[in-house]
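Visitor: Could you take me through this one? I would like to look at the helices and then at some individual residues.

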Amino acid sequence: MEPGNTEKAMSQLRRGVLEYCVLALLRGGRRYGVELLRELGEVDIMVTSEGTIYPLLSRLRREGLVETTWQESTSGPPRKYYELTPSGARALDEFTAEWSRFHAAVLHFLSKNESGNEAP
């Protein structure tokens, strides 16, 4: 990787964890697509587009990790809501455990100084 090219690395990391961030948001209750986009956008590095989120939600539905329902809206057309399934909750729990291990491993290496010792 070229020095200063962290944008590409961050994009790849974001792509790899985005579905779990969506599952985590749905753990708090059902949401519709625009709500998910807005909540993801509250964290700068997680900003995404409709062209990314809706195909992702469709894939999560096909995989049985989320289910959908339609609900009438008082301010426009009916909205499709997404809700975490038990399989989705299990997948999120498994990812959370692995993410903790992964995060700790990366910090282990990042916290070492040039001599190979833990940085203060």
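Predicted model: local features only at pLDDT ≥ 70, side-chain atom pairs only at ≥ 80, totals over all residues.

Visitor: How many residues does α1 have, and what span does it reach?
Guide: Helix α1 has 22 residues, and the distance from its first C-alpha to its last is 30 Å, close to the 32 Å expected at 1.5 Å a residue.

Visitor: Where does α1 bend?
Guide: The bend is at V17 and amounts to about 45°. V17 is also one of the buried residues of this helix.

Visitor: Which other residues of α1 are buried?
Guide: Besides V17, the buried residues of α1 are A9, L18, E19, V22, L23, L25 and L26.

Visitor: What follows α1?
Guide: G29 follows α1, and the phi of G29 is positive, near 130°.

Visitor: Let us turn to the packing with α3. How do the axes of α1 and α3 cross?
Guide: The axes of α1 (residues 6-27) and α3 (residues 50-62) come within 11 Å and cross at roughly 75°. Because angles of 65 to 115 degrees count as roughly perpendicular, α1 is described as roughly perpendicular to α3.

Visitor: Which residues make that contact?
Guide: From α1, the residues are L18, E19, V22 and L23; they meet T52, I53, L56, L57, R59 and L60 of α3. By residue class, the contact of α1 with α3 comprises seven nonpolar, one polar and two charged residues.

Visitor: I53 is on that list. Is it buried or exposed?
Guide: I53, in helix α3, counts as buried, because its relative accessibility is 0%.

Visitor: What does I53 touch beyond its sequence neighbours?
Guide: With residues within four places in sequence left aside, I53 is in contact with V22, L37 and L40. V22 is itself among the buried residues of α1.

Visitor: How far is I53 from G64 in space?
Guide: Their C-alpha atoms are 16 Å apart, and the two residues are eleven apart in sequence.

Visitor: What about T48?
Guide: T48 lies in the loop between α2 and α3. Its relative accessibility is 16%, so T48 counts as buried. Not counting residues up to four places away in sequence, T48 touches R14, L18, L37 and L40.

Visitor: Now α4. What span should it have, and what is the distance between its ends?
Guide: The 25 residues of α4 should span 36 Å at 1.5 Å a residue, and the end C-alpha atoms are 36 Å apart, which agrees.

Visitor: Which residues of α4 are buried, and what covers them?
Guide: G88, A91 and L92 are the buried residues of α4. The elements covering these residues include α1 and β3.

Visitor: How about L110, buried or exposed?
Guide: L110, in helix α4 (residues 86-110), has 64% relative accessibility and therefore counts as exposed.

How values were computed
Residues numbered from 1 in each chain as written. Heavy atoms only, no water. Helix = DSSP H or I, 4+ residues; strand = E, 2+ residues; numbered from the N terminus. Buried < 20%, exposed > 50% of the residue type's maximum accessible area, 1.4 Å probe, protein only. Axes fitted to C-alpha atoms, helices over the stretch in contact; angles between N-to-C directions. Parallel < 35°, antiparallel > 145°, perpendicular 65-115°, else oblique. Contact = heavy atoms within 4.5 Å. Nonpolar A, V, L, I, M, F, W, Y, C, P; charged D, E, K, R; others polar. Expected span 1.5 Å × (residues − 1). Bend = angle between axes of the 7 residues up to and from the residue.
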